[in-house]
Amino acid sequence: MASTTQTVLILNGPNLNMLGIRQPEVYGSETLADIEKACLAHATALGLASDFRQSNHEGDLVTWIQEARTAAAGIIINAGAYTHTSVAILDALLAAERPTVEVHLSNIHQRDSFRHHSYVSKAAKGMICGFGSHGYILALDALARLIRGV
Ligand code: DQA
């Protein structure tokens, strides 16, 4: 029987398009395009397809999460600053009912106290933070296991 490749939606929120330029001492020197390339290669190695997106607009992220309910097998999300503010993104993730892994490049618990709380975490199976761009690779490994139920 032919099997269809499952797609993982990898979402990036505001200011993540500035990676490489933005506070490299916090976020590293890689660009978002570098991270996209690494995710594509790793997803392929895991037998998954990846759909990698970024928006500075909360509504775009909400719409894409809604679409993931039928279009994706799972979600990886770095919601940037919306992590700490967006009930709309939390509600969309709860409605999507897809296994979700939250990622942050920096260790948000070592930073400003307003970064310690995450609305996304309430809907995520787990969170990976502090490992820079490698966090996305770790998230793909975790999500592959969640999707396959192992
Ligand atoms: C971030 C952490 C957030 O607090 C911040 O607003 C970001 C990036 C991270 O990847 O470390 O934009 O999500």
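**Reading helix packing and a ligand site**

Q: How are two packed helices described, and which residues do helix H2 and helix H5 span?

A: Two packed helices are described by the angle between their axes and the distance between the axes. Here helix H2 (residues 32-45) and helix H5 (residues 134-148) have axes that come within 10 Å and cross at roughly 25 degrees. That makes H2 roughly parallel to H5, a term for angles under 35 degrees. The model is predicted: local features need pLDDT of at least 70, side-chain atom pairs count only at pLDDT 80 or more, and totals for chains, interfaces and linings use all residues. Residues are numbered from 1 along each chain as its sequence is written, and side-chain values use heavy atoms, with hydrogens and water left out.

Q: Which residues make the contact between H2 and H5?

A: Contact means heavy atoms within 4.5 Å. Ile35, Ala38, Cys39, His42 and Ala43 of H2 make it with Tyr136, Ile137, Leu140 and Asp141 of H5. By class, the contact of H2 with H5 has seven nonpolar, one polar and one charged residues.

Q: At what angle do the axes of H3 and H4 cross?

A: The axes of helix H3 (residues 58-71) and helix H4 (residues 87-96) cross at roughly 5 degrees and come within 8 Å. That makes H3 roughly parallel to H4.

Q: Which residues are around the ligand?

A: A residue counts if one of its heavy atoms lies within 4 Å of the molecule. Among those around the ligand are Arg22, Tyr27, Asn78, His84 and Ser106. A ligand oxygen is 2.8 Å from a side-chain N or O atom of asparagine 78, and for serine 106 the distance is 2.6 Å.

How values were computed:
Axes are lines fitted to C-alpha atoms, for helices over the stretch in contact, and angles run from 0 to 180 degrees between N-to-C directions. Helices (H or I, at least four residues) and strands (E, at least two) are DSSP runs, numbered from the N terminus. Angles under 35 degrees count as roughly parallel, over 145 as roughly antiparallel, 65 to 115 as roughly perpendicular and the rest as oblique. Ala, Val, Leu, Ile, Met, Phe, Trp, Tyr, Cys and Pro count as nonpolar, Asp, Glu, Lys and Arg as charged, and the others, Gly among them, as polar. A polar contact is a pair of N or O atoms within 3.5 Å; within protein, one must be able to donate a hydrogen and the other to accept it, and residues adjacent in sequence count only if both atoms are side-chain atoms.
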